[in-house]
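Morning, everyone. I have one structure to go through today, so please look at the screen.

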Amino acid sequence: QVQLVESGGGLVQAGGSLTLSCAASGSISRFDVMGWYRQGPGKQRELVASISSSVNTIYGDSVKGRFTISRDNVKNTVYLQMNSLKPEDTAVYYCNYLRKVTNTQFWGQGTQVTVSS
């Protein structure tokens with residue numbers, strides 16, 4: 001129904017920046033919610049950021065002031081601009097799509113972000 005493809009992960013040194021992209025295809029609605037989760041080594045998956053159709057945003061406490069989420073409805077793509085990266089940000093980052101009418105979630109395959117000290 002919905003396919004999500006992440007890109008932009010890689011290796012970066014502490015204090016650097018990186019931008020992730022997630023392209024959505026299939027049964028897409030501009031009124032649904034998109035976001036990013038991450039899962040570090042030995043840790044639980046956590047919300048990084050989400051953005052609604054009205055561009056209301058939610059950020060996890062650990063990334064507030066450093067990360068910015070945005071969406072392009074023409075391209076059906078969500079972005080995550082990550083600044084001032086810390087080693088603690090090292091994780092697999094997963095794109096998430098929430099279909100509001102059915103409360104159904106879809107997930108991308110994940111992209112690795114590694115921040116060196």
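This is a predicted model: local features need pLDDT of at least 70, side-chain atom pairs count only at pLDDT 80 or more; totals for chains, interfaces and linings use all residues.

The largest nonpolar core has 26 residues, and the members touching the most others are L4, W36, L80, M82 and Y93. Several strands give two or more residues to this core, among them β1 (2-7), β4 (33-39), β8 (77-82) and β9 (91-99). Take M82 as an example. Leaving out residues up to four places away in sequence, M82 touches G16, S17, L18, L20, R66, F67, Y93 and V113.

Now the rings. How many aromatic pairs does a search of the whole structure find? It finds two. One is Y37 with W107, edge-to-face, 5.1 Å centre to centre and 65° between the planes. Y37 is in strand β4 and W107 in strand β10, 70 residues apart, so the pair links distant parts of the chain. Y37 counts as partly exposed because its relative accessibility is 22%, and W107 is also partly exposed, at 35%. The other pair is Y97 and F106, edge-to-face as well, with 6.2 Å between centres and 65° between planes. Y97 and F106 are both buried.

Last, the backbone. N76, in the loop between β7 and β8, has a positive phi near 50°. N103, in the loop between β9 and β10, has a positive phi near 55°. N76 is partly exposed at 28% relative accessibility, whereas N103 is exposed at 60%.

How values were computed
Residues are numbered from 1 along each chain as its sequence is written. Side-chain values use heavy atoms; hydrogens and water are left out. A nonpolar core is a set of buried Ala, Val, Leu, Ile, Met, Phe, Trp, Tyr and Cys residues joined through side-chain atoms within 4.5 Å. Buried means under 20% relative accessible area, exposed over 50%, partly exposed in between (1.4 Å probe, protein chains only). Helices (H or I, at least four residues) and strands (E, at least two) are DSSP runs, numbered from the N terminus. Contact means heavy atoms within 4.5 Å. Rings of Phe, Tyr and Trp (its six-membered ring) pair if their centres lie within 6.5 Å; planes under 30 degrees apart count as stacked, over 60 as edge-to-face and the rest as tilted.
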